[in-house]
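I opened the model and kept notes on what I looked up. The entries follow the order in which I checked things.

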Amino acid sequence: MKKFLLLLLLAVTTMAAKADIGEFALGGQAVYGTNNKAPGIGLHMKYNLRYHWRVNWAINYNFKKNGIQSLDGCNDFNYLFYIGDKVRVYPLAGLLLRVWFWQDQYYVATEKYVDREAEGRFGVNGGGGIDYVINDHFIVNAESKYQFLNEDSQVHFSIGVSYLF
């Protein structure tokens, strides 16, 4: 009986140690923000801290629309729920830094002047997403989150592909 309990303890310890090993993924995504209604592109990096916990870093660029373009930097934490071998569903919460860029053009007499300006704000993210594991190296994901930024809050959608290392 003692040998059986020792073997069982060894097996559980080994499984727990394997769950602690981080899964690392790097990928790209298509994004859309509802505030300026502009599509964009982004890069993301995901790292599993534990079996259910993951950190997700992303940089997203929204194309120029109405003279304004933006760049987001997100640091989100995910709690993964595994549904079978292929599907992962997760809520997310994190921090956000968004910088808007625009330029104003005006004329004085016959001279043209261009003022380039930028403004940045910190905010928080809250939302959820889903991953689908295609094979040992590729994952597709979809994510929706609300970005709280005072009067510039928005819903942010993304669809992406990740390569697992």
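I began with Asn150, which sits in the loop between β8 (138-148) and β9 (154-164); helices (H or I, at least four residues) and strands (E, at least two) are DSSP runs numbered from the N terminus. Phi of Asn150 is near 55°, a positive value in a residue that is not glycine. For context, most residues other than glycine have a negative phi. Asn150 is exposed, with a relative accessible area of 65%. I used these classes: buried is under 20% relative accessible area, exposed is over 50%, and partly exposed is in between, with a 1.4 Å probe and protein chains only.

Entry, ground rules. This is a predicted model, in which local features need pLDDT of at least 70 and side-chain atom pairs count only at pLDDT 80 or more, while totals for chains, interfaces and linings use all residues. Residues are numbered from 1 along each chain as its sequence is written, and side-chain values use heavy atoms, with hydrogens and water left out.

Asn66 counts as exposed at 72% relative accessibility.

Entry, whole chain. I listed one helix and nine strands in the protein chain. From the N terminus the order is α-β-β-β-β-β-β-β-β-β. Of the 165 residues, 31% are buried. The chain exposes about 10,300 Å², and carbon and sulfur atoms supply 68% of that area; the areas come from the Shrake-Rupley method with a 1.4 Å probe, and for residues only the protein chains shown count as cover. I took a contact to mean heavy atoms within 4.5 Å. Among contacts between residues at least 6 apart in sequence, 48% join residues at least 24 apart.

Entry, core. The largest nonpolar core has five residues: Ala58, Cys74, Leu96, Trp100 and Leu149. Such a core is a set of buried Ala, Val, Leu, Ile, Met, Phe, Trp, Tyr and Cys residues joined through side-chain atoms within 4.5 Å. I then listed the partners of Leu96, not counting residues up to four places away in sequence; among them are Cys74, Phe122, Val124 and Leu149.

Entry, Ser158. Is Ser158 buried or exposed? Ser158 is buried, with a relative accessible area of 4%, and lies in strand β9. Leaving aside neighbours within four places in sequence, Ser158 is in contact with Gln29, Ala30, Val31, Asn141, Ala142 and Glu143.

Entry, salt bridges. The rule is a side-chain nitrogen of Lys or Arg within 4 Å of a carboxyl oxygen of Asp or Glu. I count nine salt bridges by it. One of them joins Lys145 and Asp76 at 2.8 Å, N to O. Lys145 is in strand β8 and Asp76 in strand β4, so the pair ties together parts that are 69 residues apart in sequence. Both Lys145 and Asp76 are buried. Lys145 also forms a salt bridge with Glu143, with the closest N and O atoms 3.7 Å apart; Glu143 is buried as well.

Entry, network. Salt bridges link Glu119, Arg121, Glu151 and Asp152 in a network. Glu119 counts as partly exposed at 31% relative accessibility.
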